[in-house]
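Trainee: I would like to learn how to read aromatic pairs in a model. Could we go through a case together?

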Amino acid sequence: MSDSELTQAKLFDVFSNARRRRTVQFLKRQGGSCDLAPLVEQVAAWENDTDIDDVTRTQRRRVYISLYQTHLPMLEDHGIVDWDPDGHEIELLPSTERFEPYLDRHLEDQTQWHRRYAAVTVLGCVAFGLAAFAIGPLTTAMAPIIALALCVVVLGLSVAQHVSRRPELQLPFQRASR
């Protein structure tokens, strides 16, 4: 299938699966080509939120089978990769910039925002508990101040999360990149 035949609907269909998106993303990071083994290990690590060294044989096998039998042939049928099943070699074909909007960004270095929100929640509950029981310097009169401070912290976290997911966003107080 030629590049011109890849409609937006077909691209959505192809990249509706996370393994196919991750495959193309990994190939881009590897300069456009790699063997099947490192791809399988990296995709399994991403899917299981672990390091490559901690991927189990079962996790690797599950990813290997689906890539080999389903995902790589589909990517090849759509002209996105050149896949040699006998040699286990995969090559990303040109025109990858067209696929960029459909790919996961920053798979390896994603900040775990849920942990930050959970930490703020726990700190807020502890502060409210201390204020409710008037333990230490916190009194019930401090509860509105604690609530306001928590709202400001959560707002700051949500702004930071929004900005981190949009690397192309230029804020007015940032220096222009050269």
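Mentor: Let us begin with Tyr 68, which is partly exposed, with a relative accessible area of 28%, where buried means under 20%, exposed over 50% and partly exposed in between, using a 1.4 Å probe and protein chains only. Trp 83, at 5% relative accessibility, counts as buried. This is a predicted model, in which local features need pLDDT of at least 70 and side-chain atom pairs count only at pLDDT 80 or more, while totals for chains, interfaces and linings use all residues. Residues are numbered from 1 along each chain as its sequence is written, and side-chain values use heavy atoms, with hydrogens and water left out.

Trainee: How is a pair of aromatic rings described?

Mentor: In general, a pair of aromatic rings is described by the distance of the centres and the angle of the planes. Rings of Phe, Tyr and Trp (its six-membered ring) pair if their centres lie within 6.5 Å, and planes under 30 degrees apart count as stacked, over 60 as edge-to-face and the rest as tilted.

Trainee: How many aromatic pairs does the structure hold?

Mentor: The structure holds three aromatic pairs. In one of them, Phe 26 and Trp 46 are edge-to-face, at 6.4 Å centre to centre with 75° between the planes. Both Phe 26 and Trp 46 are buried. Tyr 68 and Trp 83 also form an edge-to-face pair, with 5.5 Å centre to centre and 90° between the planes.

Trainee: Which residues form one aromatic cluster?

Mentor: Tyr 64, Tyr 68 and Trp 83 form one aromatic cluster.
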